Amino acid sequence: MSKIFYTKTDEAPALATESFLPIVKAFTKSSGIEIETKDISLAGRIAATFPEFLTKEQQVSNDLDELGNMAKQPEANIIKLPNISASIPQLKEAIQELQSKGYNLPSYPDEPKNDEEKEIRSKYDKIKGSAVNPVLREGNSDRRAPRAVKNYAKQNPHSMGAWSSDSKTHVATMAEGDFKANEKSLTLTKATSIQIKLVSDSSETILKDKIELQAGEIIDATVLNKEALIKFLKKEIKDAKEKGVLFSVHLKATMMKVSDPIIFGHVVETFLKPVFVKYADTFDTLGISPNDGLASLYQKIEKLPQTEKDAITKDLDAALANGPDLAMVNSDKGITNLHVPSDIIIDASMPAMIRNSGKMWNAQGKAQDTKAVIPDSSYAGIYSATIDFCKKHGAFDPTTMGTVPNVGLMAQKAEEYGSHDKTFEIKKNGVVQVIDLETGAILIEHKVSNGDIWRMCQVKDAPIQDWVKLAVSRAKATNDPAIFWLDEKRAHDAELIKKVKTYLANEDTKGLDIQIMSPTAATEFTLKRMKAGKDTISVSGNVLRDYLTDLFPILEVGTSAKMLSIVPLMNGGGLFETGAGGSAPKHVEQFLEEGHLRWDSLGEFLALGVSLEFYGEKNGNAMAKVLGDTLDSATEKFLLNDKSPSRKVNEIDTRGSHFFLAKYWAEALAKQDNNAELKAIFSKVSTQINEKESQILTELINAQGSKQDIGGYYKPDAFLVEKAMRPSSTLNEILKAI
Ligand SMILES: NC(=O)C1=CN([C@@H]2O[C@H](COP(=O)(O)OP(=O)(O)OC[C@H]3O[C@@H](n4cnc5c(N)ncnc54)[C@H](OP(=O)(O)O)[C@@H]3O)[C@@H](O)[C@H]2O)C=CC1
Ligand SMILES: O=C(O)CCC(=O)C(=O)O
Ligand SMILES: [Mg+2]
């Protein structure tokens with residue numbers, strides 16, 4: 001009998017799991033459904049990578065590898081919660097925490113001095129950034145707000161900041177020399193293997209050897225010119241100051257884990273140029289890299305003698321004061337947009353700004369118009385088009401606006417999000433060539449200069465076919481227009497458009513409205529319909545999948561946590577992601593401070609519903625189907641009765657919301673007549689829950705209001721977490737007895 005694999009991750013979702021999973025296990029046990037937890041937390045992945053440094057007791061299995069293999073099996077059924085995609089500062093913190101807990105792990109070598117350190121560094125670099133999702137995503141993505149979620153938002157609209165036509169907020173993006181401008185692309189007619197090399201006057205360096213490519217695969221390569229980037233940044237820093245708007249930079253340092261931290265580093269360095277010039281030697285000795293952000297810089301200068309440290313701090317203050325005001329991540333704590341590369345992640349940060357009248361927070365904690373710097377222009381246009389739309393038509397109205405589900409090309413590390421092992425910071429002037437190893441032909445080449453960022457992306461043919469099919473099936477299921485967001489003027493998109501046209505011709509699309517539009521045109525088309533209450537399916541590549549499934553949900557339903565996020569795996573299994581958002585570090589902060597967790601598990605309820613249904617079909621388990629159906633009804637009632645966690649302490653939080661879900665789930669099971677055994681079991685449970693409701697709620701509220709100690713951040717103490725997340729002994733007893 002196959003199992004449901006449930007992931008143990010990090011931060012707020014991991015805390016929530018401690019409360020919710022016991023409920024799920026109790027409810028599914030009698031139906032013979034086995035649920036197995038797999039640890040893919042950052043700390044777990046670090047421990048699994050370095051068994052040779054650990055004691056027998058500390059060693060753990062490599063659960064991510066196992067799940068990655070599982071994702072290729074037809075019986076795969078995986079519930080995936082959001083996890084940390086670690087920036088270098090986060091990775092270092094996690095290592096330090098484990099070391100302090102007696103794990104004899106090597107530290108992260110900033111500048112590896114020998115082969116052993118190089119090996120350690122390369123192992124850590126595999127854990128860095130988005131190291132989990134690409135391994136599990138062996139299928140394309142289908143993300144949407146279920147009808148019940150949409151209706152809830154219409155009846156209980158979230159706040160939406162007003163827009164004024166004289167808002168100074170805008171997007172700044174490069175006009176030349178960026179990834180978009182330099183992209184070259186081709187489709188392979190037959191399978192081959194390639195090599196990437198850098199040819200300079202004096203030498204040839206192989207950057208990557210023997211990449212196997214399949215027939216029909218699209219490859220593209222491009223380069224971002226460092227000089228053009230710096231020129232652009234200088235201009236925008238000056239312009240932000242002149243216009244009196246906040247300066248903020250929006251990148252994806254997690255998914256784009258090689259290119260974007262380097263770009264972030266250039267922003268930090270350009271902003272603070274005089275300091276980096278004056279203290280170049282000291283920073284070198286201290287191993288300071290602008291790519292790690294200001295927070296890491298401040299931390300490293302702590303090691304200096306007081307007078308030296310004071311001198312640098314004074315110069316940093318002066319350089320910061322001399323520039324435009326920076327958008328803040330946390331105004332109270334003085335954490336700026338330039339502190340940590342992973343604090344501002346474009347998919348969530350741009351929609352949050354748009355929802356907030358186009359403003360970000362300044363140092364005084366006040367909302368202010370902003371220059372959103374998105375260096376590469378490939379996708380920046382969708383945000384400028386949205387901002388222009390809001391300036392012209394005002395903010396969207398959640399009570400009337402339409403919905404925009406997404407069908408995203410994602411399988412097998414598609415496009416930019418699979419490019420990090422083929423992304424290089426160029427060390428010498430020369431030419432980068434992609435060579436066909438079978439024919440010796442140069443497939444693509446670019447002239448490059450020292451410091452440029454060159455990258456190659458791939459997308460295989462089978463995922464493209466699957467994606468087109470998925471788009472057609474969603475268009476059929478809804479009868480809504482489906483728009484492929486592809487720009488015929490971009491080299492990669494032009495190749496993709498040829499395939500889309502070919503594969504669409506193989507499908508029965510009679511009566512369907514399927515169109516191809518550039519991202520900017522698609523944004524305008526979709527927003528106009530959305531404003532008028534009409535629904536439009538976005539069919540996009542991998543990056544836009546990510547951006548659009550935060551942008552529209554955040555505008556429509558307040559958060560992407562409430563999305564149904566299904567990945568039909570290409571080999572027949574199912575990966576069910578819980579919402580489309582992140583791991584909300586802010587929520588953990590609040591929980592530790594006042595014992596209130598505001599993480600909304602709605603995405604998890606939805607994911608579990610489809611997972612159970614899928615399990616029922618795959619295994620001919622009728623009880624699983626009943627559990628799935630009743631969970632869906634419970635989720636609807638949950639929304640109707642507005643039982644999501646409140647944001648305020650001493651009101652129901654995540655744990656209370658789980659209680660209500662359990663209550664409604666038991667009620668629905670008691671009410672249904674498809675399975676007598678479940679009806680009998682849960683009639684009893686439902687009565688018990690209803691009888692003890694006020695006692696349980698009191699226990700859950702009483703657990704709030706004070707500081708929490710869970711014995712760690714990346715690897716909290718299992719016992720303390722359980723105690724904190726399951727404070728109602730009355731509820732625990734009822735669940736135990738099922
Ligand atoms: N699938 C995955 O594994 C993903 C992982 N990540 C990772 O998550 C981390 C944080 O990323 P970030 O960009 O800040 O995004 P988050 O989604 O974690 O946070 C953005 C904001 O969205 C709101 N939010 C998100 N999820 C929920 C939820 N379930 N319930 C209630 N509110 C929610 C919160 O707003 P408010 O403060 O208003 O309550 C939150 O502060 C990073 O490490 C990132 O790499 C990011 C995206 C996807
Ligand atoms: O894997 C990650 O780092 C983030 C994924 C993400 O943001 C998404 O898929 O929407
Ligand atoms: Mg995202």
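Which elements do the buried residues of α14 pack against?

**View 1. Helix α14 and its surroundings.** The buried residues of α14 pack against β13 (359–361), β14 (367–373), α15 (380–393) and α19 (542–557). This is a predicted model, in which local features need pLDDT of at least 70, side-chain atom pairs count only at pLDDT 80 or more, and totals for chains, interfaces and linings use all residues. Residues are numbered from 1 along each chain as its sequence is written, and chains are lettered from A and ligands numbered from 1 in the order in which they are written. Helices (H or I, at least four residues) and strands (E, at least two) are DSSP runs, numbered from the N terminus. A residue is buried if 20 or more other C-beta atoms lie within 10 Å of its own, exposed if 12 or fewer, and partly exposed in between, with C-beta atoms placed from the backbone. The buried set includes I346, M350 and I354, and also the charged residues D347 and R355. Just after α14, S357 has a positive phi of about 60°.

View 2. In α20 (residues 585–594), the buried residues are H587, V588 and F591. They lie on the same side of α20 because they cover an arc of only 100° around the axis; the arc is that of the directions from the helix axis to the C-beta atoms. On the other side, K586 and E593 are exposed. Helix α1 (11–28) is among the elements that cover the buried residues of α20.

**View 3. Strands β1 and β2.** Strand β1 (residues 4–8) is mostly covered, with 4 of its 5 residues buried. It pairs with β2 (residues 35–39) in the parallel sense over 5 bridges, where pairing requires that DSSP find at least two bridges between the strands. F5 is opposite E36 in β2.

**View 4. Ligand 1 between two domains.** Ligand 1 lies between domain 1 (4–90 + 130–138 + 569–737) and domain 2 (170–179 + 226–393), because both give residues to its shell. The domain bounds come from an automatic or database domain assignment. Of the 21 residues around the ligand, S85, A561, G581, G582 and D600 come nearest; a residue is near if its C-beta atom, placed from the backbone, lies within 6 Å. The shell divides into 8 nonpolar, 10 polar and 3 charged residues. Ala, Val, Leu, Ile, Met, Phe, Trp, Tyr, Cys and Pro count as nonpolar, Asp, Glu, Lys and Arg as charged, and the others, Gly among them, as polar.

Conventions. Contact = placed C-beta atoms within 7 Å.
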